[in-house]
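Welcome! Take a moment to look over the sequence and the 3D view before reading on.

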Amino acid sequence: MKELFSWVKALVVALVIAFIIRTFLFVPVIVDGESMMPTLHNSDRMIVNKVPYYFNEPERGDIVVFHATETRDYIKRVIAVPGDTMYYKDDTLYVNDKKVEEPYLNEFKAQMNGVPLTEDFTLEEKTAQTTVPKGKVFVMGDNRQNSKDSRDIGFVDEDQIVGTTNFVFYPFNDVRSVD
């Protein structure tokens, strides 16, 4: 009887630890679609780190998972944070009137043969705001021509962000860290 109680106690402790980890620290996510190509591929499996958003605000360049609807999460890159201005001109991102390098787009830009990957637009044209409001972020998929993002859905509330992700753990032959 004592041995059975010991096994039950170990199982309960393991379940509680798993619950805490999954609820408050990390959660697996499956990339659904091609909106983050070439950085992420359809069906990539990743670990979402929930910890940074308990203590910090999102940063430009973070790859985040957020609740887009009650039943669907999106994975996108943070382009602008509260207080930022931003626009695209000649396939170049400008945040607060400074050119921002986006090396993760180089592969797709090379395939475009001079055709812009990202159309020209201003924050105001897409959101009717000149700056990103407090508590919100502007996000875009890396596959700019095939992504439903803040250009379509508007700003993302920071409290809808589940966490950040930068580690692909499956498929096993493509385990990697992404930026």
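## About the model

This is a predicted model, where local features need pLDDT of at least 70 and side-chain atom pairs count only at pLDDT 80 or more, while totals for chains, interfaces and linings use all residues. Residues are numbered from 1 along each chain as its sequence is written, and side-chain values use heavy atoms, with hydrogens and water left out.

## Strands side by side

Helices (H or I, at least four residues) and strands (E, at least two) are DSSP runs, numbered from the N terminus. Two strands pair if DSSP finds at least two bridges between them.

In S2, Met46 and Val48 are on the covered face, whereas Arg45, Ile47 and Asn49 are on the uncovered one.

Now look for an open sheet of 4 strands, in the order S7-S6-S5-S8 with antiparallel pairing. Its edge strands, each pairing on one side only, are S7 (98-100) and S8 (121-122). Strands S5 (residues 86-89) and S6 (residues 92-95) are joined by 4 bridges, and methionine 86 has valine 95 as its bridge partner in S6.

## The largest pocket

Rolling a probe the size of a water molecule over the atoms shows where empty space is left. Here a pocket is an open set of points on a 1 Å grid over the protein atoms alone where a 1.4 Å probe fits, with protein on both sides within 12 Å along at least five of seven lines; lining residues have an atom within 4 Å of a point. The largest pocket holds about 230 Å³ of space, a volume being the space filled by probe spheres set on the grid points, which are joined across faces, edges and corners.

Its lining includes Val29, Asp32, Arg72, Tyr74 and Lys148. Strand S4 gives the most to this lining, with 4 residues.

Most residues other than glycine have a negative phi, and most peptide bonds are trans. A cis peptide bond joins methionine 37 and proline 38, with omega about 5 degrees; proline 38 is found in the loop between S1 and S2. The bond from tyrosine 170 to proline 171 is cis too, with omega near 10 degrees.

Aspartate 91 is not a glycine, yet its phi is positive, at about 65 degrees. Aspartate 91 lies in the loop between S5 and S6 and is buried, with a relative accessible area of 12%. Buried means under 20% relative accessible area, exposed over 50% and partly exposed in between (1.4 Å probe, protein chains only).

## Rings and charges

Rings of Phe, Tyr and Trp (its six-membered ring) pair if their centres lie within 6.5 Å; planes under 30 degrees apart count as stacked, over 60 as edge-to-face and the rest as tilted. The count comes to 6 aromatic pairs. Phenylalanine 66 and tyrosine 74 form an edge-to-face pair, 5.8 Å centre to centre with 75 degrees between the planes, and both residues are buried.

A charge sits over a ring if NZ of Lys or CZ of Arg is within 6 Å of the ring centre and within 35 degrees of the ring normal. The charged end of lysine 76 sits over the ring of tyrosine 74, 5.3 Å from its centre.
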